[in-house]
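Open the model in your viewer and keep the selection tool ready. The tour goes from a whole chain to a helix pair, then to a sheet.

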Amino acid sequence: MSVLFLLIPLGLLMLGIAVWAFFWAVANGQFDDLSTPALSVVMDDDAAPPAPRSEDGR
Amino acid sequence: MKPLTCYHCAEPVPPGAPYRATIDGREEPVCCAGCQAVAELIHAQGLEAYYRFREAPSPAEVLRPEASEWSRYDAPDLTHRYVLATGDFAEATVEIGGMYCSACVWLLERALRRCPDVQVVSVNPATRRAVLRWRATELSFGGLLAAIAEVGFRPRPLAPGRREDAAEGEYRRALKRLLVAAAAGMQVMMFSFALYAGGWFGIEAGIEQFLRWTSLLVTVPIVTYSARPFYAAAWRGIRAASPGMDLPVAIAITAAFLASARATLAGSGEVWFDSVAMFVLFLSGTRFLEMRARHRADDQATALARLLPDSVTRVRGETDETVPLDALEAGDLVRVRPGEVVPADGEVVSGMLALDESLLTGEAMPCSRAAGAPVLAGSVNRGGSGLVRVVRTGAETTLAAVGRLIERAKADRPPVAVLADRIARRFVPGVLLVALATGAVWLKLDPGRAFEIALATLVVTCPCALALATPAALAAAASALARRGFLLVRARLLDVLGHGATVVFDKTGTLTEGRPRVVQATCPDPDWPQARCLALAAALEKASGHVLARAFDGDPGPFRASEAQVECGRGVEALVDGARWRIGSAAYLTELCAAPPPAQDGMPEGCTRVLLGNEERVVAAFAVGDELRADAAATVAALEDAGLKPVIASGDREPAVRAAAVALGVEEWHSGLTPAGKVALVERLQARGETVVMVGDGVNDAPVLAAADASIAIDAGTALACATADAIVPGRRLATLLDGVRVAAMTRRVIRQNLAWALAYNLAAVPLAASGWLAPWMAALGMSASSLLVVMNALRVYRHAAPATPVRRPHGRALPLGSESPA
């Protein structure tokens, strides 16, 4: 069981890294909008780029 | 009327509207030229995925300012105010009106990326803000705003000082606290399981000590970082001499942690790190959910000043100049054009304005203001134009006074809240006293066990389950409701919204669409079919700019009106293809043409009759009215089934309100009420012992929204109404109210179950703990299990949120706008 003395500190170290990464992500605004990025993957489909907008735009 | 709905905005298409958007070669019906343009533009840019992914139909085009409207932002004063220039590039923050969901964000981003000069776009739907960066040498600010308006949004530049960073900071801090509590809490639970198992099956002393030290280490950030808001709240309670639930929470966290730490240092005794961690995690989680719901609602509810324009046209001598609103002073002359908002209280100097003062007075019909008449800031000019001399600006205006009225009404708290506070004030010291008394008694009986038993008592008595019972259910309800487009701002609504409550509806804009429509058209002449008549009417009314003209805001087609003359309160006359045409009241038409107007059978009650004709004949008779929302009747009926009593309170005229009440089957209705009259009505109902839930939309509703026991702002376009409402329904579905009622009933049931359980548990556990039968670990386990049970029960509310209430879309029935004849 003495391997626990190594594994638990290792686990805590990884926890620390995870928390640090999370704080970094929050500070970078990664969590400000949780729904759009998920959808934008679906929506940016392979349709050919449409023609540039005409002058009057409608 | 065929229930055709607009491809873009899902509003019913007016009968005979000639608009079709060509999408993929198919013709899709759209309701107006604006929607047609937007739908075709979206398609032409290959963005039709928007229609598949959007969560709610786009807002209908109400006022589409022309491109020239945006060019005023190119004035150096305004550009300087909103735009931050860095070299060739410029940056600005713009609020995007009409952006509801992720699909909207996507649409905006894609549309803007097509502009080669726009470099960085970041759009946040939660705050409805876009940060734009563009090449200032190629594209003007006004041009950029026009490009946004072109895809159907309503951009509104924000001055850098007005960005609201406070909410974002709070959100990020709470998110970090929650994650630390969750991540560390799971570690602590894991170690605790090992310790509990060790307690049963035996464990090596060295490993046990190691696990306890590790638990201590991992719990430190939870207690010192994640739980900090609880200490702050407890301290605020102490300083205000009215300790809330946070005080025992803070004491239990601190005491359990300190005792556990002491036990760890001493190498013997029980530890309760797991209880501390789970406690903090559960409470942080519920507070986090509550905070998000609050932010989403607050965000739509910002300042009153938002109603006023950013820039005004000031007249100095012979020249017009565009200046920021702040620059306006008493005595200045301001030009007010059709569609513009009056920027300050003042007096008409010349010209004629048709002012929609519904924001301030609740009166739906615009009133004419000629030279010498007073005008109020916030009124919308629906027709005519003129010069206004500014009398009062800023905080001195009536609009600002309405805002202060609301603040005062808000400060007056409902009796339920006061009662709850009083109970809490007594309960919390009671908890502390019981724990202290137990400790004192045991200090005499068995000093060695005194601390342990006192702590066990505090942990058991600690109203965790009791504290969680309500907020957990409320948070679950808030998110369940938010998913259905019902944003809960204050929880008191759920208490009130249920059996026996009286629901007072405002009429205009709440039960009705809030704008005029052609409800019926009679066109007897075969040469003049309905579509042709509507196009001609549109051409004539384009010239007038009157409020009823909005019913005829269709495409004028081939017709061009010239030499238009508006006769206020009666109609419009203009030359079309060489013939003199008039549109307006029957009397006005008779002056031009002796022929009898077409008979109009079954004219919907209360509608305004509008005739169209030339010197030889009258070709069409229209019935114009404000239609009930399609789901109004079904919603009112369902509310009555649920045991709620609907009441209509409107500032509109009596026939219009009566027609609405009859159409909806509402027995009690009140018409012609001023905002103060509505407040008095609500107070009268409350004096009868009724619980009043107010449903409204406009600024004129705001005082009454605040006076009612609870309030809901629906179709919440108006920022101010949101600020006072207990819940906000941003969408246009009235039936969302039913979801609210259902979830409220479920929530109350769950809260009652939770409170009953928590009380029963505490009553059973306190004597056991106080008599020394419960070890602290049992108390902690019982407390955790009890809390878990309560939270799981609360989460049922979230799962309970069944599919959206299906709403029939019956024929919209016509309602009068008032008896005044059209322009």
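A residue is buried if 20 or more other C-beta atoms lie within 10 Å of its own, with C-beta atoms placed from the backbone. Keep in mind that this is a predicted model.

**Stop one: the chain.** Select chain B. Of its 823 residues, 51% count as buried. Chain B holds 27 helices and 29 strands. Take the contacts in chain B with a separation of 6 or more: residues 24 or more positions apart account for 68% of them.

**Stop two: a helix pair.** Select residues 205-226 of chain B, helix α8, and residues 246-266 of chain B, helix α10. Their axes lie 10 Å apart, and the helices pack at an angle of about 155°. Angles over 145 degrees count as roughly antiparallel, so α8(B) and α10(B) are roughly antiparallel to each other. The crossing of α8(B) past α10(B) is left-handed.

Now show side chains. Which residues of α8(B) meet α10(B)? They are R212(B), W213(B), L216(B), T219(B) and V223(B). On the α10(B) side, look for I253(B), F257(B), A261(B) and T264(B). By class, this contact of α8(B) with α10(B) has six nonpolar, two polar and one charged residues.

**Stop three: a sheet.** Move to the open sheet of six strands in chain B, with the order β9-β8-β10-β16-β11-β14 and antiparallel pairing. Select β9 (319-324) and β14 (374-375) of chain B, which stand at the edges. Each has a single partner strand, so one side of each is left without a neighbour in the sheet.

Finish at β11(B), residues 345-351. Two bridges join β11(B) to β14(B), and the two strands run antiparallel. Pick G346(B): its bridge partner in β14(B) is V375(B).

Technical notes. Residues numbered from 1 in each chain as written. Chains lettered and ligands numbered in written order. Predicted model: local features only at pLDDT ≥ 70, side-chain atom pairs only at ≥ 80, totals over all residues. Axes fitted to C-alpha atoms, helices over the stretch in contact; angles between N-to-C directions. Helix = DSSP H or I, 4+ residues; strand = E, 2+ residues; numbered from the N terminus. Parallel < 35°, antiparallel > 145°, perpendicular 65-115°, else oblique. Left-handed = near helix turned anticlockwise from the far one by under 90°. Contact = placed C-beta atoms within 7 Å. Nonpolar A, V, L, I, M, F, W, Y, C, P; charged D, E, K, R; others polar. Buried ≥ 20, exposed ≤ 12 C-beta atoms within 10 Å, placed from the backbone. Pairing = 2+ DSSP bridges.
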